[in-house]
Amino acid sequence: MRLRVEFTTEPFDLDEAPAHAVVAREVIQSAELDAVDVGPFGNTAEGGADAVLTAVDALLRQSLAAGATRVSLQVNVIGGDGK
């Protein structure tokens, strides 16, 4: 099964990326995911279910530890073959 995760971390800072946003970006970019797109107002990544779920776990734990007060995310099933 393939999944797509979309997420944002808060609080926002338009002048400089806060530590929690930097951590979240690093977690997603270093995970074994494909189609990673990070931006100032939203981030998406796709991959096999295990890789996405592992990345989401790390994303939540590490961004909260780095000062995020809210993490909004959505996970969608986009395919069934896991490739």
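## Salt bridge exercises

Glu 46 and Arg 2 form a salt bridge (a side-chain nitrogen of Lys or Arg within 4 Å of a carboxyl oxygen of Asp or Glu), with the closest N and O atoms 3.2 Å apart. This is a predicted model, where local features need pLDDT of at least 70, side-chain atom pairs count only at pLDDT 80 or more, and totals for chains, interfaces and linings use all residues. Residues are numbered from 1 along each chain as its sequence is written, and side-chain values use heavy atoms, leaving out hydrogens and water.

**Exercise 1.** Find which strands hold Glu 46 and Arg 2, and whether Glu 46 is buried or exposed.

*Solution.* Start with the strands (DSSP runs of at least two residues, numbered from the N terminus). Glu 46 lies in strand E3 (residues 43–48) and Arg 2 in strand E1, 44 residues apart. Now check accessibility: buried means under 20% relative accessible area, exposed over 50%, partly exposed in between (1.4 Å probe, protein chains only). Glu 46 comes out at 17%, so it's buried.

**Exercise 2.** Work out which other partner Arg 2 has, and where that partner sits.

*Solution.* Arg 2 also pairs with Asp 34, with 2.9 Å between the closest N and O atoms. Asp 34 belongs to strand E2 (residues 34–38). Arg 2 is buried at 13%, while Asp 34 is partly exposed at 36%.

**Exercise 3.** Explain why Arg 61 and Asp 57 are about one helical turn apart.

*Solution.* Both sit in helix H2 (residues 49–65; a helix, H or I, is a DSSP run of at least four residues), and they're separated by about one turn because they are four residues apart. Arg 61 is exposed at 59%.
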